[in-house]
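Subject: Structure handover

Hello,

Here is the structure I promised to pass on. Please open it first, then read my notes below.

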Amino acid sequence: MHRFPLSALGVCTTCVVLLVGCDSPVAPHQPAPPPPAQSSLSFEISGPSQIDAEGTVHWNAFAFGGSGSYQYRWDVTRQAGNQPTSTATGPRLTLLVAAGDGDVVVSLSVTSGNESKTQSFRVRNCIGGCPK
């Protein structure tokens, strides 16, 4: 068997050792994480979009994001009858609805810190029936 020197084969005779997973006395500098983004104020409303019987009806607001406590203002306008616009505060709206009230428009404004959002929606009054 013939042996050739490694240099004759074009093979590098200098070796480099790569240590993976070893602890180093000098740890790489990790940049500080960015500050959390301020969450934008938002809210959701649960409750009926149609009223089929006279009585008490409820809507609930669920606010999230913003920068602190939440203030709620509900404005209710009845489309018929002699009922004036009414307002309420807090995360829950309770409303007594009768057949003669017609449709109801509900508007909710939520404020947190210096941010405010408003959403309005119409609730069909189908007491006694609604056209299909």
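The model holds 1 disulfide. Please keep in mind throughout that this is a predicted model.

**The disulfide**

The bond joins Cys-126 to Cys-130, with an S to S distance of 1.6 Å. The link is left-handed, at -95° about the S-S bond. How exposed is each of the two cysteines, Cys-126 and Cys-130? Cys-126 has a relative accessible area of 5%. The cut-off for buried is under 20%, so Cys-126 counts as buried. Cys-130 has a relative accessible area of 24%. That residue is therefore classed as partly exposed.

**Overall make-up**

The protein has 8 strands and 0 helices. Read from the N terminus, the order of elements is β-β-β-β-β-β-β-β. There are 132 residues in the protein, and 22% of them are buried. The protein exposes about 9500 Å². Carbon and sulfur atoms supply 55% of that area. Now take the contacts with a separation of 6 or more: 56% of them come from residues 24 or more positions apart.

**The nonpolar core**

The largest nonpolar core has 20 residues. Which residues have the most contacts inside it? They are Trp-59 and Trp-74. Several strands supply at least two residues each to this core: E3 (55–64), E4 (71–78), E6 (92–97), E7 (104–112) and E8 (115–125).

Trp-59 deserves a look on screen. Leaving aside residues up to four places away in sequence, Trp-59 touches Trp-74, among others. Its contacts also include Ile-45, Ser-46, Gly-47, Pro-48 and Ile-51. Further along the chain, Trp-59 touches Pro-91, Arg-92, Leu-93 and Leu-95. Phe-121 and Val-123 are also among its contacts.

Is E7 largely enclosed or largely open? Of its 9 residues, 7 are buried, so E7 is largely enclosed by the rest of the structure.

E7 runs antiparallel to E4, and 8 bridges join the two. In that pair, Tyr-72 stands opposite Val-110 in E7. E7 also runs antiparallel to E8, here with 9 bridges. Val-110 turns up again in this pair, opposite Lys-117 in E8.

E7 and E8 form a hairpin with 2 residues between the strands. In this hairpin, Gly-113 takes a positive phi near 65°.

**Where to look**

- Cys-126 and Cys-130, joined by the disulfide.
- Trp-59 and Trp-74, with the most contacts inside the largest nonpolar core.
- Gly-113, with its positive phi in the hairpin of E7 and E8.

Best regards

Methods
Residues numbered from 1 in each chain as written. Predicted model: local features only at pLDDT ≥ 70, side-chain atom pairs only at ≥ 80, totals over all residues. Heavy atoms only, no water. Disulfide = S-S within 2.5 Å. Buried < 20%, exposed > 50% of the residue type's maximum accessible area, 1.4 Å probe, protein only. Core = buried A, V, L, I, M, F, W, Y, C linked by side-chain atoms within 4.5 Å. Helix = DSSP H or I, 4+ residues; strand = E, 2+ residues; numbered from the N terminus. Contact = heavy atoms within 4.5 Å. Areas by Shrake-Rupley, 256 points an atom, 1.4 Å probe, with all protein chains shown as cover. Pairing = 2+ DSSP bridges.
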